[in-house]
Amino acid sequence: MVLIPIVILVAIVGILIVYNVNIKNKLTMYNNISKKINNLNVLQDFMNITGEDISVDEKLKKVNDVLIEKFGIKYSTIVVFNGAEYVLKASNTDKKFWRNLCNLHTEEVFRDSISNATPKYLTVDSEGEQLPYQQLDFTRAKSAMFFPLYIDNVYIGYWIIESSVMHAFDNVDTTLLEVIKDDIVAMLKTVSYQNAMESIVRTDQFTGLNSAEYLYGQAKATIDSTATSTVCMFRINNIEEINKKFSRETGNNTIIEIANWVKTSIDSNDIFVRYMGPKFVIVFIGKSEDDILEMVKTLREELEQLEIEFERIVENKKYREYAKPKVNFVLSNYYKGTGIERVTEKLEEYLDNADKQEHNINFV
């Protein structure tokens, strides 16, 4: 009779063990699912940031802020090698530490990590110790994890996270951190084209205007601040004739005079660049063709009334002559979020194929 209750009790205990194991497995599964969802959310945040009309540096700062917020990181710093020097792209540390953080590649403790493309974990065991790379900031961080960054097997910088707590990363999921590191690399790779466009913007030596690349990089956010704008491209159609009949210097002066006149004729929020050679682009922000048509007509007339002086010397006598530009205008609509380079290509194609005697205002 005693045996029966014991058997029942053992059976109950067995059932409870199986139940608890099942519950534990489900909790583990739910936790893993939660982590995966969180990672997907972070990846979605990265993708959203990539698509924003802001500079590369602003994008990297926002990515760093997401890392700090989503994963509870005390300090996070992204440093990128631009081909000439190491540049701190994002960090929530005090600026007085940035110089040191930009030189971690020179520290012996990180050289193997960079060479082998493997992370490096550092921590101290007592309050009196400091991390080997620290200089003035030895009271700030007690633990650190260093991740070298590579794009297609090419070393391009590093990401370092730090904590003011000793042994803070002893039990951290390094697999998760590796995934985050890969996401940072993917982000850097995605914005590399934008970064290149921003870095090759030049200021024209004659006119002081930005080059065409400005439209596709820094100016994009301004252009996309409204739903639609009008893009205007114009060409000095007789620039070759001016160069030949008068001089190259007269041709340069013609370009300068025209640029200066346009600068004073458009609104300060509109964008004006020297596109290429005798071609210029104006982006009338938030304005339709109807809004700017009369102004453009007046502008074309004023430009063609300009007279650029040329002094010719014949048999020791000075003769003054005047070059008068002929300009051909073409306009098109631009819609927010589309490729403005496609619009400028279309306008340029029209001007290149138009009769050189044409100096009108056309719509394409």
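## Cores, helices and aromatic contacts

The largest nonpolar core has 28 residues. Phe234, Val262, Phe272, Ile282, Leu303 and Phe329 have the most contacts inside it. This is a predicted model. Two or more residues of this core come from each of β7, α9 (239-245), α10 (248-265), β9, α11 (289-304), β10 (308-314) and β12. In soluble globular proteins, nonpolar side chains tend to be buried together.

Isoleucine 282 shows the packing in detail. Leaving aside residues up to four places away in sequence, isoleucine 282 touches Thr230, Val231, Cys232, Phe234, Val262, Ile266, Ile271, Phe272 and Leu299.

Valine 296 belongs to helix α11. Valine 296 counts as buried because its relative accessible area is 0%, and the cut-off is under 20%. Its contacts, again without residues up to four places away in sequence, are Phe284, Phe329 and Ile361. Cysteine 232 is 64 residues from valine 296 along the chain, yet their C-alpha atoms are separated by 9.0 Å.

**Helix α12**

Helix α12 covers residues 340-353. Its 14 residues should span 20 Å at 1.5 Å a residue, and the end C-alpha atoms are 20 Å apart, so the two values agree. Ile340, Val343, Thr344, Leu347, Glu348 and Leu351 are buried in α12. These residues lie on the same side of α12, because they cover an arc of only 130 degrees around the axis. An α-helix has 3.6 residues a turn, so residues three or four places apart point the same way. Exposed Arg342, Glu349 and Asn353 sit on the face of α12 turned away from the buried side.

What do the buried residues of α12 pack against? Their partners are α7 (213-216), α8 (220-223), β7 (228-236), β8 (271-276), β9 (279-284) and β12 (327-335).

**Helix α2**

Helix α2 spans residues 56-71. From first to last C-alpha, its 16 residues reach 23 Å, close to the 22 Å expected at 1.5 Å a residue. Its buried residues are Val56, Lys59, Leu60, Val63, Asn64, Val66, Leu67 and Ile68. Glutamate 58 is also in α2. Glutamate 58 counts as partly exposed because its relative accessibility is 42%. Lysine 89 is 31 residues from glutamate 58 in sequence, and their C-alpha atoms are 8.7 Å apart. Glycine 72 follows α2 and has a positive phi, near 60 degrees.

**Aromatic contacts**

There are 14 aromatic pairs in the structure. One of them joins phenylalanine 110 and tyrosine 133. The pair is tilted, with 5.5 Å from centre to centre and 45 degrees between the planes. It links distant parts of the chain, 23 residues apart. Phenylalanine 110 is in helix α4 (residues 108-116), while tyrosine 133 is in the loop between β3 (120-123) and β4 (143-151). Are these two residues, phenylalanine 110 and tyrosine 133, buried or exposed? Both phenylalanine 110 and tyrosine 133 are buried. They belong to one aromatic cluster, together with Phe81, Tyr86, Phe146, Tyr150, Tyr155 and Tyr158.

Arginine 140 places its charged end over two rings.

| Charged residue | Ring | Distance to ring centre |
|---|---|---|
| Arginine 140 | Tyrosine 75 | 5.0 Å |
| Arginine 140 | Phenylalanine 97 | 4.8 Å |

Technical notes
Residues are numbered from 1 along each chain as its sequence is written. This is a predicted model: local features need pLDDT of at least 70, side-chain atom pairs count only at pLDDT 80 or more; totals for chains, interfaces and linings use all residues. Side-chain values use heavy atoms; hydrogens and water are left out. Helices (H or I, at least four residues) and strands (E, at least two) are DSSP runs, numbered from the N terminus. The expected span of a helix is 1.5 Å times one less than its number of residues. Buried means under 20% relative accessible area, exposed over 50%, partly exposed in between (1.4 Å probe, protein chains only). The arc is that of the directions from the helix axis to the C-beta atoms. Contact means heavy atoms within 4.5 Å. A nonpolar core is a set of buried Ala, Val, Leu, Ile, Met, Phe, Trp, Tyr and Cys residues joined through side-chain atoms within 4.5 Å. Rings of Phe, Tyr and Trp (its six-membered ring) pair if their centres lie within 6.5 Å; planes under 30 degrees apart count as stacked, over 60 as edge-to-face and the rest as tilted. A charge sits over a ring if NZ of Lys or CZ of Arg is within 6 Å of the ring centre and within 35 degrees of the ring normal.
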